[in-house]
Every structure is written in C-alpha cells, then in structure tokens.
Amino acid sequence: MVFDVGETLVDDTREWQAWAEWLGVPPHTMSALVGAVTAQGRDNADALRLIQPGFDLPAERSARIAAGRGEQITEADLYGDVRPALSELRSLGMWVGIAGNQTSRAGDCLRALDLPADAIATSQEWGAAKPDPAFFTRVAEWAPGSPNEIVYVGDHPANDIGPAKTAGLRTVLVRRGPWGYLWADDPVGGGAADWVIDSLTDLPRLLR
C-alpha cells in the first residue's frame with residue numbers, strides 16, 4: 001500500500017496560504033485560482049503562474065527557504081485519519097509506503113513525524129515526478145510484491161489514478177482536496193479507480 005502525500009495524507013491549506021502570503025495576494029484569491037485550474041484539468045502550479053507570469057517554482061522555493069519561510073509539514077497538517085489508518089494496515093501485515101510529488105525537504109519533514117510507514121520517498125529524491133511513468137516504475141521496484149499486488153492511494157486522476165493503473169498497480173481515489181472531490185464521479189477519476197473512499201480508515205475493510 002503506497003500513499004500520495006498532498007491532499008491524501010496532508011492538508012495543503014497552510015502551504016497554499018504560505019504561497020499567497022509570499023506572492024502578496026489574499027488567501028481566498030489563491031483558493032479561487034487553485035479551484036479554477038483544478039476545474040480546467042491544469043497543473044496546480046498554474047495557479048501560481050496566473051499570479052506571477054513566468055513563475056519559477058524551484059527558484060521561488062529556494063528563495064522561501066533562504067528567507068526562513070520554507071515549506072513545513074507538521075502533525076497539525078496531517079488529516080485525522082492518517083495515523084489510525086496506516087497503523088491498522090500495518091497491524092494487518094500490510095507494507096506501507098509514502099511516495100508523492102514532493103521536495104526532499106518535505107520528505108525530511110514527513111520522516112521527522114515518525115509515521116507508521118515502512119518507507120518514505122519523494123519525487124525530488126527519485127528524480128522523477130508524477131505523472132511520468134518513471135515515477136511509478138520506481139514505486140513498483142520500491143514496494144515489495146508484483147505491480148498488481150501494490151495499491152496506490154491518491155486524490156488526483158491525472159497524477160495518481162491514470163499513470164498508476166498504466167503501470168499495472170491497483171488504485172484508490174480518496175474523495176478530499178479539490179481534485180478528489182471534483183473528479184470522484186468522473187470516468188477518468190473515480191470511475192477509473194479500483195475503489196473510491198471517503199476516509200483512509202475505509203481501506204482496511206476494503207482489503208481484508
């Protein structure tokens with residue numbers, strides 16, 4: 001069982017608010033733009049590019065770190081069902097991994113939380129980001145078992161469900177975050193996933 005990070009395990013509200021403050025716009029403006037690019041099926045970073053044309057995400061992340069305002073993931077950012085669900089899955093003998101489109105800094109933050117997971121990795125650490133097939137090739141090599149024995153859990157149809165299925169993995173769409181709610185009933189979102197859930201605590205029941 002391998003989990004995406006943003007809006008699957010981690011509530012991204014604080015990070016989007018940090019970007020709003022960094023770019024000098026109200027949080028509700030940032031939220032509206034994230035919703036707009038989500039509805040259009042665009043990359044979420046496009047919300048930042050709408051505010052600042054030519055926006056360079058890696059450069060701006062480095063600038064935030066240099067200013068002492070780098071990204072953070074704390075216990076308060078985890079959804080409430082994360083620890084109970086991951087703990088129960090491991091108690092059932094399931095191997096639990098966490099791998100998403102995140103920076104190495106985010107990976108360090110996640111590891112510092114001592115989550116009930118067997119391994120944690122990020123796209124920056126692997127040098128491949130979703131939806132690149134190389135990311136899911138790496139997942140299949142990283143997690144034990146054959147691809148059809150690996151379940152990838154995420155909220156995003158284009159980054160999570162589609163490419164994971166193409167790689168031969170089983171998939172779960174969690175209905176939360178802008179993408180999870182918007183695409184849950186769409187043929188390429190929830191309709192393409194093996195399961196659609198409202199809470200991570202639904203997983204042990206599904207997989208027994």
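The side chains of Asp108 and Arg111 meet in a salt bridge, with N and O 3.3 Å apart, a salt bridge being a side-chain nitrogen of Lys or Arg within 4 Å of a carboxyl oxygen of Asp or Glu. Because Asp108 and Arg111 are three residues apart in helix α6, about one helical turn separates them. The model is a predicted one, in which local features need pLDDT of at least 70 and side-chain atom pairs count only at pLDDT 80 or more, while totals for chains, interfaces and linings use all residues. Residues are numbered from 1 along each chain as its sequence is written, and side-chain values use heavy atoms, with hydrogens and water left out.

**Salt bridges**

- By the rule given above, the count of salt bridges comes to 15.
- Arg111, a partner of Asp108, is partly exposed, with a relative accessible area of 36%, where buried means under 20%, exposed means over 50%, and partly exposed lies in between (1.4 Å probe, protein chains only).
- Arg14 forms a salt bridge with Asp77, and the closest N and O atoms of the two are 2.4 Å apart.
- Since Arg14 lies in helix α1 and Asp77 in the loop between α4 and α5 (82-91), the pair ties together parts that are 63 residues apart in sequence; helices here are DSSP runs (H or I, at least four residues), as are strands (E, at least two), numbered from the N terminus.
- Within this pair Arg14 is partly exposed, at a relative accessible area of 31%, whereas Asp77 is buried, at 7%.
- Asp160 and Lys130 also meet through their side chains in a salt bridge, at 2.6 Å from N to O.
- This pair links distant parts of the chain, with Asp160 in helix α9 and Lys130 in the loop between α7 and α8 (133-142), 30 residues apart.
- Asp160 is buried, with a relative accessible area of 1%, and Lys130 also counts as buried, at 7% relative accessibility.
- Salt bridges that share partners join Asp4, Lys130 and Asp160 into one network.

**The largest pocket**

- The largest pocket has a volume of about 1,100 Å³, a pocket being an open set of points on a 1 Å grid over the protein atoms alone, where a 1.4 Å probe fits and protein lies on both sides within 12 Å along at least five of seven lines.
- Its lining, made up of residues with an atom within 4 Å of a point, holds 46 residues, of which Asn44, Leu57, Arg61, Asn101 and Gln102 lie nearest the centre of the pocket.
- The elements that give two or more residues to this lining are α1 (13-23), α4 (57-66), α6 (104-112), α7 (123-126) and α9 (157-166), and α4 gives the most, with six residues.
- The lining draws at least three residues from each of domain 1 (2-10 + 74-205) and domain 2 (12-67), the bounds of which come from an automatic or database domain assignment.

- Asp81 has its place in the loop between α4 and α5 and counts as buried, at 10% relative accessibility.
- The side chains of Asp81 and Ser199 are joined by a polar contact of 3.1 Å, which is a pair of N or O atoms within 3.5 Å; within protein, one must be able to donate a hydrogen and the other to accept it, and residues adjacent in sequence count only if both atoms are side-chain atoms.
- Pro84 lies in helix α5 and counts as partly exposed, at 45% relative accessibility.
- The C-alpha atoms of Pro84 and Ser62 are separated by 34 Å, the two residues being 22 residues apart along the chain.

How values were computed: Points joined across faces, edges and corners; volume = space filled by probe spheres on them.
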